[in-house]
Amino acid sequence: MNQQKINSALVGIYLVVFFIFLLGPLLVMAVSAFNTPNYPQVWPIEGVTLDWFRELLHDQEMLEGLRTSVIIGISVSILSVAMGLAGALVMTQLFGTSRAYYYFLVVAPVLIPGIVLGIATVVFWRDFTGLLGLRSLLYNGTVLTILAQSSFVSSYCMLIILARLQRFDMSQEEAALDLGASYPQVFRDVLLPYLRPAILSSMMLGFLTSFENYNATTFAILADKTLTTVLASRVRMGSSPTISALATVIVVLTIIAALMFEWVKRREQTRQWKLQKDAQASDQLETA
């Protein structure tokens, strides 16, 4: 066997081990969701059933946690993208030492443990809403969790948007202003379309990060429950095939969402490429 075949065999073995390590737990969980024993079991397969999925549909606590997680995830993604976009735009206007300090401040929440963020959010907003007389309106688990998660998810969003923004050709803004466009028009018609892929990526990342977050959520959610906190309490009492059924549904929905997002992203890239090609063709005609 020559060296090339040995290398190919080693790469093949590595890939097999890697994918087993990566996907093995998911496959085991999916199999246990269809097995009949009332505890998660992969082997032997005593029978195939959908009872755990039916039981999941009638689990009110889990469904309520799922509803709260979706509401928090959507709110966090919208709020974080808005703050991240603003932070990235400010970053482009700073230079020198102030830019380094500003970057450290806006990225710092990523480095702070989620437990600290959760506790700090509860303490701060308890006193702040008390001073404003809005404690009954704003001091609840859902609002606090949105605020706690947004404090660090917005940093991720800012980094994604900033990476895209650094490749932006500023001459496009200058050309639009020279042609009589106002600053809001430039922002809406020039900058936002260019940043759309980064904004969509940020929203997807924000929702997924919020949906699976536990450390900050477990302190900020107070008496409310998200799907993550419900699952954590269930696992403490003993695992169940219902949890495997829920995990299987989430994995399938995540794969579908990722494929749809990739389709939308590629479609947007194709549209941008066609626009650039049309613009180049128009410039060549004008030059000729």
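Reply: What follows covers confidence first, then the aromatic pairs, then a surface patch and a record annotation.

The model is predicted: local features need pLDDT of at least 70, side-chain atom pairs count only at pLDDT 80 or more, and totals for chains, interfaces and linings use all residues. Residues are numbered from 1 along each chain as its sequence is written, and side-chain values use heavy atoms, with hydrogens and water left out.

The average pLDDT (the predictor's confidence in each residue, from 0 to 100) is 87 for the protein, and 99% of the residues score at least 70. Helices here are DSSP runs (H or I, at least four residues), numbered from the N terminus. Confidence is highest in helix H3 (residues 60-92), at a mean of 93, and lowest in helix H6 (residues 135-138), at 79. Where pLDDT is low, the predicted coordinates should not be read in detail.

The whole structure contains 8 aromatic pairs. Rings of Phe, Tyr and Trp (its six-membered ring) pair if their centres lie within 6.5 Å; planes under 30 degrees apart count as stacked, over 60 as edge-to-face and the rest as tilted. One of the pairs is Phe-34 with Phe-53, which is tilted, at 5.0 Å centre to centre and 40 degrees between the planes. This pair links distant parts of the chain, 19 residues apart: Phe-34 belongs to helix H1 and Phe-53 to helix H2 (residues 51-57). In terms of relative accessible area (buried under 20%, exposed over 50%, partly exposed in between; 1.4 Å probe, protein chains only), Phe-34 is partly exposed at 32%, whereas Phe-53 is buried at 17%.

Phe-207 and Phe-211 form a stacked pair, with 5.9 Å centre to centre and 25 degrees between the planes. These two lie 4 residues apart in helix H9 (residues 183-212), so about one helical turn separates them. Phe-207 is partly exposed at 24%, and Phe-211 is buried at 17%.

Tyr-14, Phe-18 and Phe-19 make up one aromatic cluster. Tyr-14, Phe-18 and Phe-19 are also among the residues of a nonpolar surface patch, together with Val-11, Leu-15, Leu-22, Leu-23, Leu-26 and Leu-27, with about 840 Å² of accessible area in total. Leu-27 is located in helix H1 (residues 3-34) and is exposed, at 56% relative accessible area.

As for the record, an unreviewed UniProt entry annotates residues 66-261 as "domain: ABC transmembrane type-1". That span is 85% helix and 0% strand, and its end C-alpha atoms lie 21 Å apart.

Notes: UniProt positions are given in the numbering used here, feature names are shortened, and annotations may be inferred rather than shown by experiment. Patches are made of residues with over 30% relative accessible area and no salt bridge: like charges are joined within 9 Å, nonpolar side chains (Val, Leu, Ile, Met, Phe, Trp, Tyr) within 5 Å. Accessible areas come from the Shrake-Rupley method with a 1.4 Å probe; for residues, only the protein chains shown count as cover. A salt bridge is a side-chain nitrogen of Lys or Arg within 4 Å of a carboxyl oxygen of Asp or Glu.
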